[in-house]
Amino acid sequence: MNLLRRHPIAIALVALLLVTAIHPLPPLVDPVTGSPPGDVELVRPALYVAAAPLSDTLDALTFLSLERARWALAVWGLALAAWGALRPGTARLRAGRALLGPIGLVLLGGATVLLPRPVPRLAAADSAVTILDYHAHTEASHDGRPGWTYARLAAWHARQGFEASYVTDHNVIFYLPVNEPIRLLPGVEWSVYRQHVVALGPVQPVARDSFGASTPRMLRLFAELERQGALGIASLPEYWRNHLDDLDAFVDAGADGFEIVNCAPKALGFPSPVRREVLALAARHDLVVVGASDNHGWGQVTCVWNVSQPGTHGY
């Protein structure tokens, strides 16, 4: 009983670990089928395994949606502050303990985003496929991490098993020939009326003002991308937040597909029922559905990989 009083958090974590060991979740799930994929595996480096459960904790924090992150910070910050303040001691000691918990949370958040560490890598059994990312950023984006160069972006992808990635900076077209350590492919993310559109392939500059002010004007961008020979993918979370009732109009306007997974915190809350609706819409019209790391230089791991084959417009 004394042990429980002295180490309640540690004992609670051990109990939770035992419960999850009885009913483990699969490490990988195909968001289209909802089942574990059979043709790929997640390879964990020895140091990643040795550092568990810290590795798992940092991964879990990385994949918190924005709403969950806010609640976790508020609840744990208040709980740890109260626990420190209510323990016996002088007023000064209790105040110091009350501050330690929130400070620790901030440091843990910083470690999640910035601390270099071993990461899992996806490996495919079929050598004919390419492990690909459809949406990623560098420092050229207004919200990209300073110093996040094309080389660092490529290295970030390579560590996790990616063999190629489109570079889709905000309103800045990427066209440089980068082939090592992975191939970086041409693309851009156009910011138009209440929507971001990921354009992939032989992209040319557009007059973004002509696709602003209204949803019908924004939708004309898809026809312009088709004229250029590029693919136009509707990005999360914008079409979910702003245009959920307009998705049939997206299809009619010539959208080539939709993101159904996006690792940005503001997009991780994408509801499963809405994803199923988008999958059904894409299946009816033979459209592409993709996952996106949406990496901006923050965080060490991705939540999604795409296993793709070469096609007319790229991958």
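Is Arg227 buried or exposed? Arg227 is exposed, with a relative accessible area of 56%; exposed means over 50%, buried under 20%, and partly exposed in between (1.4 Å probe, protein chains only). This is a predicted model, in which local features need pLDDT of at least 70, side-chain atom pairs count only at pLDDT 80 or more, and totals for chains, interfaces and linings use all residues. Residues are numbered from 1 along each chain as its sequence is written, and side-chain values use heavy atoms, leaving out hydrogens and water. Helices (H or I, at least four residues) and strands (E, at least two) are DSSP runs, numbered from the N terminus.

**Salt bridges**

- The whole structure holds 3 salt bridges, each a side-chain nitrogen of Lys or Arg within 4 Å of a carboxyl oxygen of Asp or Glu.
- Arg227 pairs with Glu224 at 2.7 Å, N to O. These two sit 3 residues apart in helix H8, so about one helical turn separates them.
- Asp59 pairs with Arg117 at 2.9 Å, N to O. This pair links distant parts of the chain, 58 residues apart: Asp59 is in helix H4 (residues 54-62), Arg117 in the loop between H6 and strand E2 (121-124). Both Asp59 and Arg117 are buried.
- Arg241 pairs with Glu67 at 2.9 Å, N to O. Arg241 lies in helix H9 and Glu67 in helix H5 (residues 66-86), 174 residues apart. Arg241 is partly exposed at 44%, and Glu67 is partly exposed at 33%.

- Strand E6 (residues 187-192) has 6 of 6 residues buried, so the rest of the structure largely encloses it.
- Gly187, Glu189 and Ser191 are buried on one side of E6, and Val188, Trp190 and Val192 on the other.
- E6 pairs with strand E7 (residues 195-200) in the antiparallel sense over 6 bridges; pairing requires at least two DSSP bridges.
- Trp190 stands opposite Val197 in E7.
- The hairpin has 2 residues between its strands, and Arg194 takes a positive phi near 55°.

**Nonpolar core**

- The largest nonpolar core has 35 residues, and Trp190 and Leu221 are among those with the most contacts inside it. Such a core is a set of buried Ala, Val, Leu, Ile, Met, Phe, Trp, Tyr and Cys residues joined through side-chain atoms within 4.5 Å.
- Leu221 is in contact (heavy atoms within 4.5 Å) with Trp190, Val192, Val197, Val206 and Phe211, leaving aside neighbours within four places in sequence.

**Thr112**

- Thr112 lies in helix H6 (residues 91-114) and is buried at 5% relative accessible area.
- Not counting residues up to four places away in sequence, Thr112 touches residues including Leu58, Arg117 and Gln300.
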